[in-house]
Amino acid sequence: MLQDKTYIRQTRDLILSERTRLLKALENIPTYKTTRLRQLLLLKIQKPGLTSRDVFDACIRQGLMIRDCSSFECLDGEYIRFCIMHPEDNTRLLNILESL
């Protein structure tokens, strides 16, 4: 797999295009402020009363795994973190985030 340059290029292109799509979509959801990390996206929850645990639980119920960052000492407030996934999963995640 690591020797397959076509696979590596296609995977890289998919991740980059999905990251761009997610960032653009998240700009239109005022509940979250987005911070882009290398392969991860970090979202600060800005909706009063909505916690990172609430978002985590909603995602788990739909079969998606994200990180509840409430235990991170360096983060002040409510944050979640997730990686770029397959397009279908990214769409499902966006739908969950929009619904909260």
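Of the 100 residues in the protein chain, 33% count as buried, where buried means under 20% relative accessible area, exposed means over 50%, and partly exposed covers what is in between (1.4 Å probe, protein chains only). Keep in mind that this is a predicted model, in which local features need pLDDT of at least 70 and side-chain atom pairs count only at pLDDT 80 or more, while totals for chains, interfaces and linings use all residues. Residues are numbered from 1 along each chain as its sequence is written, and side-chain values use heavy atoms, with hydrogens and water left out.

Let's start with the overall layout. The chain has 3 helices and 4 strands; these are DSSP runs numbered from the N terminus, with helices being H or I of at least four residues and strands E of at least two. Reading from the N terminus, the order is α-β-β-α-β-β-α. Along the principal axes, the C-alpha atoms fill a box of roughly 45 × 30 × 25 Å. As for contacts, meaning heavy atoms within 4.5 Å, take those in the chain with a separation of 6 or more: 52% of them are accounted for by residues 24 or more positions apart.

Now for the inside. A nonpolar core here is a set of buried Ala, Val, Leu, Ile, Met, Phe, Trp, Tyr and Cys residues joined through side-chain atoms within 4.5 Å. The largest one has 23 residues, and the members that touch the most others are L26, Y32, V55, I66, F82, L93 and L97. Two or more residues of this core come from each of α1 (5-27), β2 (40-45), α2 (52-61), β4 (79-83) and α3 (87-99).

Next, look at how two of the helices sit together. Two packed helices are described by the angle between their axes and the distance between the axes. For α1 and α3, the angle is about 15° and the axes are 11 Å apart; axes are lines fitted to C-alpha atoms, for helices over the stretch in contact, and angles run from 0 to 180 degrees between N-to-C directions. That makes α1 and α3 roughly parallel to each other, since angles under 35 degrees count as roughly parallel, over 145 as roughly antiparallel, 65 to 115 as roughly perpendicular and the rest as oblique. The crossing of α1 past α3 is right-handed, that is, the near helix is turned clockwise from the far one by less than a right angle, with anticlockwise making it left-handed. On the α1 side, L14, E18, R21, L22, A25 and L26 meet P87, N90, T91, L94 and L97 from α3.

Beyond residues up to four places away in sequence, R21 touches P87, N90, T91 and L94. R21 and P87 are 66 residues apart along the chain, yet their C-alpha atoms are separated by 9.4 Å. A polar atom of the R21 side chain also lies 3.1 Å from the backbone oxygen of P87. That is a polar contact, meaning a pair of N or O atoms within 3.5 Å; within protein, one must be able to donate a hydrogen and the other to accept it, and residues adjacent in sequence count only if both atoms are side-chain atoms.

S52 belongs to helix α2 and counts as buried at 1% relative accessibility. D68 sits in strand β3 (residues 67-68) and is also buried, with a relative accessible area of 15%. Their side chains make a polar contact at 2.6 Å. The D68 side chain reaches the backbone nitrogen of S70 as well, at 2.9 Å. Leaving out neighbours within four places in sequence, D68 is in contact with S52, R53, F56 and Y79, while S52 is in contact with I45, D68, S70, E78, Y79 and I80.

Two more residues round out the tour. T31, in the loop between α1 and β1 (32-36), is buried, with a relative accessible area of 12%. Its contacts, not counting residues up to four places away in sequence, are K44, I45, Q46, K47, L50 and L100. S99, in helix α3, is exposed, at a relative accessible area of 57%. The S99 side chain reaches the backbone oxygen of I96 at 2.7 Å.
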